[in-house]
Amino acid sequence: MKRKFINICCSFIALSLLGLGEIQAQENKDSLINVAFGTIADEDLTNAVSSVNVAELLKKNYFTGSVSGLENLVGGYTGNLWGQAPLILVDGIPRNSSNVQASEIESVTFLKDASAVVLYGSRAAKGAILITTKRGKNQPMKIDFRANGGIYVPKVYPKYLDADCYMALYNEASRNDGIAGRYDAATIYHTANGTNPYRYPDIDFYSSDYLKPAYYKTDVTGEVYGGNDRTHYYLNLGMSYNNDLLKYGETKNNNDMQLNVRGNVDMQLTDWLKATTNTAVILTDNYAGRGDFWGTAATLRPNWFSPLIPVDQLDPLVGSMQNYVANSSHLIDGKYLLGGTSTDLTNAFADMLAAGYVKEKARLFMFDVGLTADLGMILQGLSFKTAYSMDYNAYYSEAWKEDYAVYEPTWSNVNGKDVITALTKYNDDKKSASEYVGTSRYDQTMSFRAQFDYNRSFVGYHNVAVTLLGWGYQVQNTADADHESSAYHRTSNVNLGLRAAYNYAHKYYFDFSGALIHSAKLPEGRRNALSPSVSLGWRISNENFFKDNISFVNDLKLAASYANLHQDLDISDYYMYKGYFVNNGGWYQWHDSSAGGNTTGSKRGDNPEMSFITREEFRVGLDASLFSKLVTLNVNYFVQDTKGLLTQGAATIYPSYFDLGTDLSFLPYLNYNNDRRTGVDFAVNFNKKFGEVDATLGFSGMYFASEATRRDEVYEYDYQYRAGRAIDATYGYVCEGFFQDQNDIDVSPRQTFGTVKPGDLKYKDINEDGVVDSNDQIDLGHSGNSVSPFSFGVNLTLKWKNFTLFAMGAGQTGAIAFKNSSYHWNRGTSKFSDVVWGRWAYYTDPVTGEMVDTRATATYPRLTTTNGDNNYRNSTFWMYKKNRFNLAKVQLTYDCPASMFKNSFIKGLSVYCNGDNLLVLSKESDLMETNIGSRPQCRFYNLGFKIDF
């Protein structure tokens with residue numbers, strides 16, 4: 001790996017000195033929008049394309065992630081584009097969005113419809129996001145410096161029962177199951193009073209013993225840019241650092257640090273030849289103490305054992321225990337041994353204190369180089385561009401790990417004092433001599449593209465643009481995790497593309513784009529396909545009949561497009577068209593009965609006709625500017641059919657004997673299933689000046705629907721079929737309340753999910769066959785996993801004198817989810833959360849003799865020490881609506897007046913404060929803001945400044 005990096009660095013130095021450049025030296029002008037393999041004037045767009053000027057946005061909204069928060073600004077984007085995962089390209093190259101910082105970005109363009117992405121071939125068949133980095137300008141050198149410091153404050157922690165309450169309710173659960181209570185009254189009493197926290201533990205994971213009230217993050221960024229007629233340059237250097245909420249053991253040293261460097265250079269080598277180069281290096285280091293604290297916090301019962309065993313409470317007369325202390329390699333603070341049990345030989349607390357740490361290191365190198373040639377001397381308007389890129393991403397971990405012993409105490413009361421009279425030891429202390437390399441991964445991405453462009457206007461009205469291109473890239477992954485091998489096949493994409501566009505006087509538009517694509521995932525003879533698209537546009541506002549009669553419309557453009565894209569994204573692996581056999585097809589006895597052997601068996605059948613999956617799409621759009629640009633509007637309606645998704649045809653296509661069972665089959669994969677997605681995305685902006693206040697209000701969003709139009713399926717009842725229902729349909733049971741008594745159980749349909757008792761959930765017998773089983777699950781609603789039926793974003797900008805107030809948020813409606821995490825489904829011996837206070841109960845308390853009756857007010861099933869299989873399954877009882885609005889950002893910025901720096905080397909200064917992830921408005925806001933088994937959601941409060949030289 002070191003040799004590879006030496007070669008990379010040498011190549012980088014040599015190429016940088018040569019001054020070669022990359023093709024995508026796209027002009028960052030307000031009137032030009034970055035699209036596939038070029039730019040188009042904003043007024044001439046006929047596709048569903050949205051663009052965000054990040055450089056301008058950063059002046060009022062500081063953020064670090066490349067696409068962070070942009071779902072608040074762009075209709076149809078929710079992290080996905082029109083409900084599907086897009087291809088990310090940075091300066092025209094497939095890369096991860098985390099590989100670039102917001103301060104490096106000039107603009108982000110969202111290519112939503114099929115016609116906009118067709119030139120990228122198969123890999124962009126679900127949309128594309130183009131991230132374009134900043135470039136130098138023809139101006140004297142400028143230096144910008146920005147610094148930020150902020151704190152992350154946890155919103156809320158899960159609320160679990162104290163140990164005494166847990167024990168009391170666990171005893172109730174035992175009585176419900178007809179078994180004796182586990183905990184005696186004295187144990188519960190001493191635990192409640194805190195008599196001895198080591199003998200009667202009550203672990204509060206979310207206390208200040210383990211957690212800080214907040215943790216901090218800082219980052220600094222410097223930018224240097226400028227240029228002259230021959231050379232433009234841009235340099236960005238940044239560093240960020242944050243620590244962690246945990247402060248126990250080795251985790252108190254947890255931190256993340258990142259250093260990033262980017263350099264973009266454009267050079268005019270001759271009057272017809274231009275070279276550009278982009279180079280970026282990102283170094284990331286993470287340090288983390290061992291131990292799954294957050295996962296354990298959601299599972300470990302508060303009374304189960306004490307993490308620490310105090311040595312001053314050991315019986316001094318028991319020599320074996322004193323030897324444990326003398327020989328321990330992990331005597332914490334000289335006072336404690338590590339606690340545990342026979343079933344908890346390791347635990348998060350001991351891991352944090354004694355197991356060591358993991359240091360993760362990632363090194364990313366990105367380089368692209370290219371040339372642009374103006375061939376106007378051959379044919380006016382003709383140019384040629386070519387580019388090559390190579391990215392190297394290496395990850396490895398260095399770790400220190402030590403084994404440790406844990407001890408389980410036996411407590412007694414001696415002369416009125418708690419004394420440990422015996423210790424049971426599990427494991428042994430083992431010192432480690434050195435660090436070791438754990439997991440390592442290495443990724444390499446290479447891409448190449450070349451294109452001829454022809455752009456020319458004739459007679460001032462006839463505007464022609466033609467692009468002929470070839471593009472391809474390849475990603476190779478290697479890994480060594482526990483000596484596992486890497487995938488053999490590289491991920492590749494290659495295609496030819498053609499775009500021919502014409503507009504007359506920027507009023508009538510025609511665009512044909514197509515790509516010839518290739519996929520090695522398909523059988524020979526089926527590996528090539530043509531993906532065509534056609535777009536039409538009409539600027540109706542330029543027609544005399546319109547201008548003369550509708551004066552409040554400044555600009556109105558109508559557009560429509562059709563495309564049929566071929567893709568292999570949903571073909572998950574290579575050779576899926578190929579059948580194969582295994583050597584464990586079944587055991588056969590020999591004729592003489594003395595022995596036998598395995599025979600071969602079919603694992604999968606052949607399908608030499610397997611083909612591409614297609615995205616067939618029709619879309620209409622509207623762009624408008626109204627009332628002297630007081631209102632601007634963009635709307636797109638689309639119908640998208642995905643055809644030929646793979647299935648094996650077990651239900652309706654092949655006979656049942658093709659499926660041999662025992663993991664053997666003659667069933668092949670074939671193109672059969674179809675989906676449909678429809679929707680309307682929109683973005684509307686209002687601009688108005690009120691006295692000295694400039695106000696801008698933006699509202700964007702999308703109405704979205706989906707349908708599984710064809711499925712290979714057979715069910716007994718019509719309501720079970722997935723075809724005709726939403727792709728994200730969620731299925732479950734209809735709950736009719738609690739069983740109130742045994743008679744209620746006896747007269748109700750028989751439920752087949754284990755033993756049922758009073759206080760358990762009662763489900764509706766949908767098919768009325770007298771039995772409640774899996775056949776009684778119905779469609780309960782949209783999960784909204786990719787996108788909710790309605791999603792929206794709001795942003796507001798108010799400018800007064802030198803102050804700018806910016807706020808934005810996003811919301812969604814129409815989707816459902818289930819309260820089915822361990823916080824709500826308290827199975828068996830799991831930890832009890834505060835939701836169990838609403839449990840169904842009807843019994844006489846054995847301690848007080850009082851009647852406990854919550855039947856009329858219960859909001860939770862009866863408690864049980866079993867897995868609760870009847871109650872803990874998705875149903876309307878656990879269902880909730882995911883309707884919400886997130887106040888994502890509020891920032892106040894003050895731009896110091898230029899007069900402050902008259903005759904100074906300082907050209908400008910801005911100071912700002914902001915808050916991120918501030919508020920969730922929802923009926924279920926507490927649930928939505930609570931993380932279970934992972935670090936908490938946090939609000940982020942930041943102070944920063946930007947100074948220009």
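This is a tutorial dialogue on how to read features of one predicted model.

User: What should I know before reading the model?

Analyst: The model is predicted, so local features need pLDDT of at least 70 and side-chain atom pairs count only at pLDDT 80 or more, while totals for chains, interfaces and linings use all residues. Residues are numbered from 1 along each chain as its sequence is written, and side-chain values use heavy atoms, with hydrogens and water left out.

User: How many helices and strands does the chain have?

Analyst: Helices (H or I, at least four residues) and strands (E, at least two) are DSSP runs, numbered from the N terminus. In this chain there are 11 helices and 47 strands.

User: What does the radius of gyration say about the chain?

Analyst: The radius of gyration is taken over C-alpha atoms, and the globule rule is 2.2 Å times the number of residues to the power 0.38. For 949 residues a compact globule would have a value near 30 Å, and the chain has 33 Å, which agrees. The C-alpha trace spans about 105 × 80 × 70 Å along its principal axes.

User: How do I read contacts in the chain?

Analyst: Contact means heavy atoms within 4.5 Å. Of the contacts in the chain with a separation of 6 or more, 72% are between residues 24 or more positions apart.

User: What share of the residues is buried?

Analyst: Buried means under 20% relative accessible area, exposed over 50%, and partly exposed in between (1.4 Å probe, protein chains only). Buried residues make up 51% of the 949 in the chain.

User: Which residues of helix α8 are buried?

Analyst: They are A348, F349, A350, D351, M352, A354 and A355. Seven of the eight residues of α8 (residues 348-355) are buried, so the helix is largely enclosed by the rest of the structure. The cover over these buried residues includes α6, β14, β15 (356-374) and β16 (382-401).

User: Where is S328, and is it buried or exposed?

Analyst: S328 sits in the loop between α7 and β14. S328 has a relative accessible area of 16% and is buried. Apart from neighbours within four places in sequence, S328 is in contact with L337 and D429.

User: What can be said of D162?

Analyst: D162 belongs to the loop between β8 (142-154) and α4 (163-176). With a relative accessible area of 43%, D162 is partly exposed. Leaving aside neighbours within four places in sequence, D162 is in contact with D202 and P302.

User: Which residues have a positive phi without being glycine?

Analyst: D333 is one of them, with phi near 55°. D333 lies in the loop between α7 (319-327) and β14 (336-338), and at 65% relative accessibility D333 counts as exposed. N917 is another, also with phi near 55°. N917 is found in strand β46 (residues 908-921) and is partly exposed, with a relative accessible area of 31%.

User: How is a pair of aromatic rings described?

Analyst: Such a pair is described by the distance of the centres and the angle of the planes. Rings of Phe, Tyr and Trp (its six-membered ring) pair if their centres lie within 6.5 Å; planes under 30 degrees apart count as stacked, over 60 as edge-to-face and the rest as tilted. The structure holds 59 aromatic pairs. One of them is the tilted pair of Y62 and Y912, with 6.0 Å centre to centre and 40° between the planes. This pair links distant parts of the chain, 850 residues apart: Y62 is in the loop between α2 (54-57) and β4 (87-90), and Y912 is in strand β46. Y62 is buried at 7% relative accessibility, and Y912 is buried at 5%.

User: What about Y210 and F293?

Analyst: Y210 and F293 form a tilted pair, with 6.1 Å centre to centre and 50° between the planes. Y210 lies in the loop between α5 (185-193) and β9 (215-227) and F293 in helix α6 (residues 293-297), so the pair ties together parts 83 residues apart in sequence. Y210 is buried at 10% relative accessibility, and F293 is buried at 1%. Y210 and F293 belong to one aromatic cluster with Y157, F205, Y206, Y248, W294 and F349.
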